[in-house]
Amino acid sequence: MKTATAKAERSECEIDTVAGSAKSTEGDGVVIDCDIEELYYGKFKAVRDTVIPLEKNRITAFIGPSGCGKSTVLRCLNRMNDLVRGFLFKGHVHFRGKDIYHPSIDPTAVRRYIGMVFQQPNPFAMSIHNNVAFGLRLNRYRGAVAEKVEEALKRAALWDEVKDKLHKSGLSLSGGQQQRLCIARAIATEPEVLLMDEPCSALDPIATRKIEELMAELKTRFTIGIVTHNLQQAQRVADKTGFLYVDTSDGGRCGYLVEFGQSEQIFNNPREQYTKDYIRGQFG
Amino acid sequence: MNTQDAAIKPCMTPDPFEREVNPFEGVNFPELEKSLRRPRTAVDLLLSNLVSAMTIFALIPLFSVVLMLLWHGGHGLSLDVLTQLPPAPMEQGGGFGNAILGTMVMVVLAAFISIPFGILSAVYLAQARPESRLATTVRFAAKILTGFPSILAGVFAYGVLVLTLGGYSAIAGGVALSILMLPTIILTAEDAIRMVPSKMRDAAIGMGATLTQTTWMVLLPTATPGILTGIMLAIARAAGETAPLLFTALFSNYWLFRGGFNVMQPTASLAVLIYNFASEPFEHQVELAWVAALVLVLMVLVTNLIGQAFSRRQIQE
C-alpha cells in the first residue's frame, strides 16, 4: 500500500511538471477527479454533465439552489449513493487515478479513504471515546487507541471540552460539539479526503464559525469537499467553488455544473449569467 | 377623535397614547373567559372526566387481583413454602420450590431458543431484506402468532417432542413456551432496530463499515434496551402460561434434579401447580395455590418492571 501511494504521488508530480504551466493555479494535484455524465435515481435523472476535480489540501465547495444535486454529487464521491435504490451512475470518479466505480472496487473500502461528515450531527449512542475509536475498531487498528482518539479530538478542536468526560455518551454534547465529534470520528482513521455535506446547516453561528476555522486547519492534512447553502461560507473557506444549477427544460429537475473555478473568480467575477444572478441573490 | 384629526394623522408619527384608545377593536373579551354555559367547555369537561374514569376502571382488575392474592396468599408466604416439595394430601407444611425451579428452568430454556432466533430474524426483517417477500411473510406470520392460542403451542410441542421422545419433559415445555415468546421478540426487536435513527446507520456506512459491521457495532447496541424490553415482556408472558405446559411438561411432585439434573422428565411449574391445587378438595392445597399465585404474579411483575426500566433507559438516551 505504501509503495502504491508513493507511486501515485510520483505520477502526480509528473503530471504537474508536464502540464505545469497550464495548471499553474492548481495545488499539488487532483486527488478526486469526478466526471458525472448522467446520474439517475430510478427513472429520474438527477444530475448531468458535472466535472469537478478535488485538489490535494484544498477546500472545494459545491454551491447552488436546493435540489440542484450538489449533495448527490458529493455522495457520489464515496459511493454513499449506492445505498439509494435505483441509483445509476454514468461517468467516472477517479480517486488517485483509480476508478472507484469499477466493478472490482469494494465500496466499503473506498469509504475508509474518503470519509464523510453529514448535515445532521450523527454521533453513535456510545461514549465519546468509542465514537472516535469506531473507525479504528472497524480497521482492526492495533495500537494506542487512546492516543489516536486524543489526537483526533485535538485536531477537531474538541479535546479541551470533552477530555474529562470521554466515557459520557456522545449524544450528551451540544449540536456544535456533536458535529466536531463527528469530524473527529471521521479523521481518526486519517482518510485522504473529507466530504462535508452542509456540515453547519444545523448549527448556530458560533458553532459554525468554529467548524469553519477547523476546516482551514484540516485542509493542511486532508483534501476537503464541502456542500453548502451559505454563500458567505463558501467564500470564506473554499479555494475552489463549483456552482450547480437546475435544468428544468425537459420537464424534470436535473442538476448540472454551470461554472467551476477559483472561489475568488466565482464570487467576484463570474463568467456565466446564472452564476451572476445566483451570487447576487436574484433567484434561488 | 374628529374628522380633522383623522385626516392629519397619516402624516404624523403615531401617538402612543392615541393608539391605546382602541387597540383591539373587534375583540369580544367575555368570549375569552372560561364559562361552563358554553357547550364546548361543558362537553370538554365531561369528556375529560369520562376518560379519567375509564382509565381508573381499567386498573381495577389488576389491582383487585393483586389485593386478593395478597389477602389470601400473603400470610402463607414463607421461606419453607418457597423451598420445599409439595405436601401429600392431608399433610401439612410443604411448599412448591420444585415448581418455582421448574418454571425458571423452562423459561430459561425457552429464552435460549427464542432469543437468538428472534433477534436474527429481526435483523433480517429490519435491516437485511426489509421488503422482500420472505420478510413480509414472516412479519405477517409473527403477528398472527402473537394471538396464537397458547394451548395449540402445547399441542404442537406434544406432537413434535413428547410423542417422539417418549414422555413429558422440561425440554418439551421449554419449546412450547419458546413458540409463544418468539413472535413478541421478533416484532419488538424489529421495531427497536428500526427505531435506530437512519443517520447513525449512514454514519457507520460512511465510515466504511460493512452491513454486518453496521449491524453488530451500531444497530444492535443502540437497539439493545428496546430488544431487552421485548425479551422481558415475552418472558413474563411465558412464565404465566399453563395450557401449553399441561401437554408438554405435565407436573411432578419432585425436584427436577432428582437423580442428577435431568430435563427429560415431567417437570412442575407454578402455573400448573396452581391449576392442580386450586381444584383439590384439601384446604391446605388450596391455600398453597393462593401463595403460588402470589409468587407467580410477583415474578411476572418484577420481570415486567425490569423490562420497563430498560425501555426508560432507551428513551433517556
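**Setting up.** I number residues from 1 along each chain as its sequence is written, and letter chains from A and number ligands from 1 in the order in which they are written. Since this is a predicted model, local features need pLDDT of at least 70 and side-chain atom pairs count only at pLDDT 80 or more, while totals for chains, interfaces and linings use all residues.

**Confidence.** I began with the scores: ipTM is 0.80 and pTM is 0.77. For pLDDT (the predictor's confidence in each residue, from 0 to 100), chain B averages 85, with 90% of the residues at 70 or above. Chain A averages 82, and 89% of its residues score at least 70.

Next I went through the elements of chain B. Helices (H or I, at least four residues) and strands (E, at least two) are DSSP runs, numbered from the N terminus.

**Domains of chain B.** I noted domain 1 (3–71) and domain 2 (77–316), with bounds that come from an automatic or database domain assignment. Their C-alpha centres lie 49 Å apart.

**Where A meets B.** I looked up the contact between the chains: 19 residues come from chain A and 15 residues from chain B. On the chain A side, helix H3 (107–113), strand E6 (114–117) and helix H4 (128–138) each supply at least two residues. H3(A) gives the most, with four residues. By class, this side of chain A has 11 nonpolar, six polar and two charged residues. My classes: Ala, Val, Leu, Ile, Met, Phe, Trp, Tyr, Cys and Pro are nonpolar, Asp, Glu, Lys and Arg are charged, and the others, Gly among them, are polar.

**H4 and H5 of chain A.** I followed H4(A) to its packing with helix H5 (residues 145–155) of chain A: the axes come within 9 Å and cross at roughly 110°. Axes are lines fitted to C-alpha atoms, for helices over the stretch in contact, and angles run from 0 to 180 degrees between N-to-C directions. H4(A) and H5(A) are therefore roughly perpendicular; angles under 35 degrees count as roughly parallel, over 145 as roughly antiparallel, 65 to 115 as roughly perpendicular and the rest as oblique. A:His129, A:Val132, A:Ala133 and A:Leu136 of H4(A) are in the contact, with A:Val145, A:Lys148, A:Val149, A:Ala152 and A:Leu153 of H5(A). I count seven nonpolar, one polar and one charged residues there.

**Around H9 of chain B.** Helix H8 (residues 150–165) of chain B packs on H9(B) at about 140°, with the axes 9 Å apart. That angle makes H8(B) oblique to H9(B). Among the H8(B) residues in this contact I saw B:Phe156 and B:Leu161, and those of H9(B) include B:Ile171 and B:Val175. The contact has 11 nonpolar, two polar and no charged residues.

Helix H6 (residues 97–128) of chain B also packs on H9(B), at about 35° with axes 6 Å apart. That contact divides into 23 nonpolar, eight polar and two charged residues.

Methods: Two residues are in contact if their C-beta atoms, placed from the backbone, lie within 7 Å.
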